[in-house]
Structure formats: structure tokens, C-alpha cells
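Here is a brief report on a protein model. Please look over the sequence and the fold before reading on.

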Amino acid sequence: VKYNQKNKLSDIIRLMLVSILIDVPVRLSPLIELGWKNKKNNNFIDLETKKIVIRNHKASASIGTKIHDLSDRTIETLKYFKNHFNYEYVFLANDRKADYANSITHRSLSEMWTRTMKCYHEHAGIPYKKFGIHQVRQSYFSLECKKVGFTKEMILKLYELQKQLGHTSLHTSLDHYFKNLE
């Protein structure tokens, strides 16, 4: 494969997607409009504080704004992207300067994730087993629950996780993710 600027951009976008999804239990929809910290972006990355801010876009949801820490690895990748490509949006969905502006959709991000996971499996020499974006959220939930154990603290942590996952009901979080704690 000829390695040119467009291939390099595609590789960096895939790396950013994987890094963000490993760090933060976010849905894909807010990532489509993820920008850099400024007054007009609802969902943004603040490189100075190493945080991602996701504002709930569902009018009926009561959860509101979620703020998550980003790892140093993710911040370095994002800084590289911003310094070398200087796009207003992280995944280029609304950036008219981009070669393929408006080409990033929920479906294309999901497909990008799947292709990347297949590539990682192939590179590691293991058979591909579907590991979708929702499984990343399930894993996040499971790991966080295992960290606190089955105590009163776990119950308190469950409500915090519910908010981090963007669910309006704890029932939704437990119903969808509790089965994965085996």
C-alpha cells in the first residue's frame, strides 16, 4: 500500500477513534460532531485539561453534560492530529477544509471500528470475533464494577456509571450490561 497523506490521515483517525473509545464509554453519535474546545462546539476535546466533554443531545434525557479524562496516549495522538492537519473537527464530519468533508457518519465510524478490530486480530494472529463499539461500553462497565466489588460502594458506583453511560435509568444500565460481569 502506497503510504501517502490521505492514508496517513486515515490511520490517525482510526487511532483516535480506538483511543477515545478505550478511554471513554461514549456512544458514536456525539463523536461525529466532536471538535476542539471553542464556543461553538457542544462536544469537544480540551487538550489543556486532557478532558472530553460530551453534552447530551437527547432532549428527553436528564443526564446532561459528561466530562471524562483522556489518557496521555490519546492526548498525544489528538495533539499530533490537530498540529499536522488543523481541522476544526476531530472526525471531520463538519469541516469544509477536509478532503472528504461530511463523509464521517455513525455508520462509517462503526465500519472503521470493525475494520480496525479485524486488522488488530489479523496482526495478532488470532481469529476475529466481533467486538463492536457497544462491547467496549460493556467492558468499561464490567471493569469498573469489578474494581469496587460487591459492597455498598458498588451500588453508589452503579449510579455514577449510569450517568457516565448516558442512561436515564439504572435499570437500563443493569439490564444491558450486568450479564457481562461473569
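## Helix H3 and its two sides

The face of H3 turned away from its buried side carries two exposed residues, Glu-76 and Asn-83. Exposed means over 50% relative accessible area, buried under 20%, and partly exposed in between, with a 1.4 Å probe and protein chains only. The buried residues of H3 are Thr-74, Ile-75, Thr-77, Leu-78, Phe-81 and Phe-85. They sit on the same side of H3 because they cover an arc of only 165° around the axis. The arc is taken from the directions that run from the helix axis to the C-beta atoms. An α-helix has 3.6 residues a turn, so residues three or four places apart point the same way.

H3 spans residues 72-85, 14 residues in total. From first C-alpha to last, H3 reaches 20 Å, close to the 20 Å expected at 1.5 Å a residue. That expected span is 1.5 Å times one less than the number of residues. Just after H3, Asn-86 takes a positive phi of about 55°.

## Basis of the model

This is a predicted model: local features need pLDDT of at least 70, side-chain atom pairs count only at pLDDT 80 or more, and totals for chains, interfaces and linings use all residues. Residues are numbered from 1 along each chain as its sequence is written, and side-chain values use heavy atoms, with hydrogens and water left out. Helices (H or I, at least four residues) and strands (E, at least two) are DSSP runs, numbered from the N terminus.

Strand S2 (residues 44-46) pairs with strand S3 (residues 51-55) in the antiparallel sense, over 3 bridges. Pairing requires that DSSP finds at least two bridges between two strands. Ile-45 stands opposite Ile-52 in S3. The hairpin of S2 and S3 has 4 residues between the strands, and Lys-50 there takes a positive phi near 60°.

S3 is also joined to strand S4 (residues 65-69). These two run antiparallel, with 5 bridges. Here Lys-51 stands opposite Asp-69 in S4.

## Lys-157 in helix H6

Lys-157 lies in helix H6 (residues 152-165). Is this lysine buried or exposed? Lys-157 is buried, because its relative accessible area is 16%. Leaving aside neighbours within four places in sequence, Lys-157 is in contact (heavy atoms within 4.5 Å) with Glu-144 and Val-148.
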